[in-house]
Amino acid sequence: MNHGFYLWMSYGATAIAIAIEIATLAAGRARARRLIEEERDLEAQD
Amino acid sequence: MNWFYFSSPSTFYRLAGWLSPWFFALAAILTAVGLYYGFVVAPTDAQQGEVYRVIFIHVPAAWMSMFIYFVMAAYSAASLTFNTRLGAMMARALAPTGALFTFVALWTGAFWGRPTWGTYWAWDARMTSELVLLFLYFGFIALANAFEDPRRGDRAAALLALIGLVNLPIIYFSVHWWNTLHQGSTVKLTGTSMHVAMLTGMLLMAFAFWMYSIGAALTRVRSIILERERRARWARSL
């Protein structure tokens, strides 16, 4: 096994970890926007 | 400029929204230049060959794991002392990114250790204390979300963050205090023995991770602010 494997495993895992974090940031944003929408709907019903 | 103006969640929400894309853009540019230095400009290491290039993410990630924890504890201290809502929200926003960089430092360390030390893992003082840091981040996140009332979660997690601060000097000085498998500091305030291109690549990546961390924390804190302030008029009018 050459050193390429260790480099790919290091850089690849880092890239995947950062991609997952960016996806969770987007999901958190979407969730927050949904909660705001629900509050607006509740206000409209009142 | 009145800095207290930005301690209000509604004004900070807008400021964070304006700033975060700039930090992400800066992080992307610095990463591109840092990787160019790391893989093209920096020479092959005489002893380790190509595998030493893990250093361009391992060391910056390890630095960020400790630095983010310190900043998170500082925000926690501010939230406990001054009862500031935004301080607690910033501490919450930093924790997942700190955990990410701690994981990256441990993971890349394992894949650097195997070809150079002959093992992925050893219960060495530096590695073990870094693992404890990862558990502190997990504990902070779990504790912050364990309460129905988020303010109680903020206080409990802030206390844990402050107690966990004791681990930072242990991580940093572990290679001096104990005879460890992990090497000592390569970069010191007094200088370094690294080749200038290697050092440049590593510092560029460290700044890239720093900018990314700020961008990620600002983006996350906006979601936290929106969730907490969703009943406020300003949030509903967005």
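Biologist: Which residues does Arg53(B) contact, leaving aside its neighbours within four places in sequence?

Modeller: Arg53(B) is in contact with Leu7(A), Gly38(B) and Phe39(B). Two residues are in contact if their C-beta atoms, placed from the backbone, lie within 7 Å. This is a predicted model, in which local features need pLDDT of at least 70 and side-chain atom pairs count only at pLDDT 80 or more, while totals for chains, interfaces and linings use all residues. Residues are numbered from 1 along each chain as its sequence is written, and chains are lettered from A and ligands numbered from 1 in the order in which they are written.

Biologist: Where is Arg53(B) found, and what makes Arg53(B) count as buried?

Modeller: Arg53(B) is in the loop between α1 and α2 of chain B; helices (H or I, at least four residues) and strands (E, at least two) are DSSP runs, numbered from the N terminus. A residue is buried if 20 or more other C-beta atoms lie within 10 Å of its own, exposed if 12 or fewer, and partly exposed in between, with C-beta atoms placed from the backbone. Arg53(B) has 24 C-beta neighbours inside 10 Å, so Arg53(B) counts as buried.

Biologist: What about Asn83(B): why does Asn83(B) count as buried or exposed?

Modeller: Asn83(B) counts as exposed because 12 C-beta neighbours lie inside 10 Å. The cut-off for exposed is 12 or fewer. Asn83(B) lies in the loop between α2 and α3 of chain B.

Biologist: What is the phi of Asn83(B)?

Modeller: Asn83(B) has a positive phi of about 55°, although it is not a glycine. Most residues other than glycine have a negative phi. Asn83(B) follows α2(B).

Biologist: How do you know how far α2(B) reaches against its expected span?

Modeller: The expected span of a helix is 1.5 Å times one less than its number of residues. α2(B) has 28 residues and reaches 40 Å from its first C-alpha to its last, close to the 40 Å expected. Ser79(B) has its place in this helix, α2.

Biologist: Why does Ser79(B) count as buried, and what does Ser79(B) touch?

Modeller: Ser79(B) has 24 C-beta neighbours inside 10 Å, so Ser79(B) counts as buried. Not counting residues up to four places away in sequence, Ser79(B) touches Thr84(B), Gly87(B), Ala88(B), Ala91(B), Asp154(B) and Ala158(B). Among the residues that Ala91(B) touches are Met72(B), Tyr75(B) and Ser79(B).

Biologist: Which residues touch the most other members of the largest nonpolar core?

Modeller: A nonpolar core is a set of buried Ala, Val, Leu, Ile, Met, Phe, Trp, Tyr and Cys residues joined through C-beta atoms within 7 Å. The largest one has 71 residues, of which Val54(B), Met72(B), Met90(B), Ala91(B) and Val221(B) touch the most other members. α1 (3-45) of chain A is one of the elements that supply at least two residues of this core. α7(B) gives the most to this core, with 17 residues.

Biologist: Which residues of α5(B) are buried, and how do you know where they fall around the axis of α5(B)?

Modeller: They are Asp154(B), Ala157(B), Ala158(B), Ala161(B) and Gly164(B). Seen down the axis of α5(B), the buried residues fall within an arc of 125° (the arc of the directions from the helix axis to the C-beta atoms), so they line one face of the helix. They pack against α2 (55-82), α3 (85-117), α4 (125-144) and α6 (167-177) of chain B.

Biologist: How many residues does each chain bring to the contact between them?

Modeller: Chain B brings 28 residues and chain A brings 19 residues. On the side of chain B that touches chain A, α3(B) gives the most, with 11 residues. By class, that side has 15 nonpolar, five polar and eight charged residues. Ala, Val, Leu, Ile, Met, Phe, Trp, Tyr, Cys and Pro count as nonpolar, Asp, Glu, Lys and Arg as charged, and the others, Gly among them, as polar.

Biologist: How do you know how the radius of gyration of chain B sits against that of a compact globule?

Modeller: The radius of gyration is taken over C-alpha atoms, and the globule rule is 2.2 Å times the number of residues to the power 0.38. For 238 residues the rule gives a value near 18 Å; chain B has 20 Å, which agrees. Chain B has eight helices and two strands, and 43% of its residues count as buried. Chain A has one helix and zero strands, and 13% of its 46 residues count as buried.
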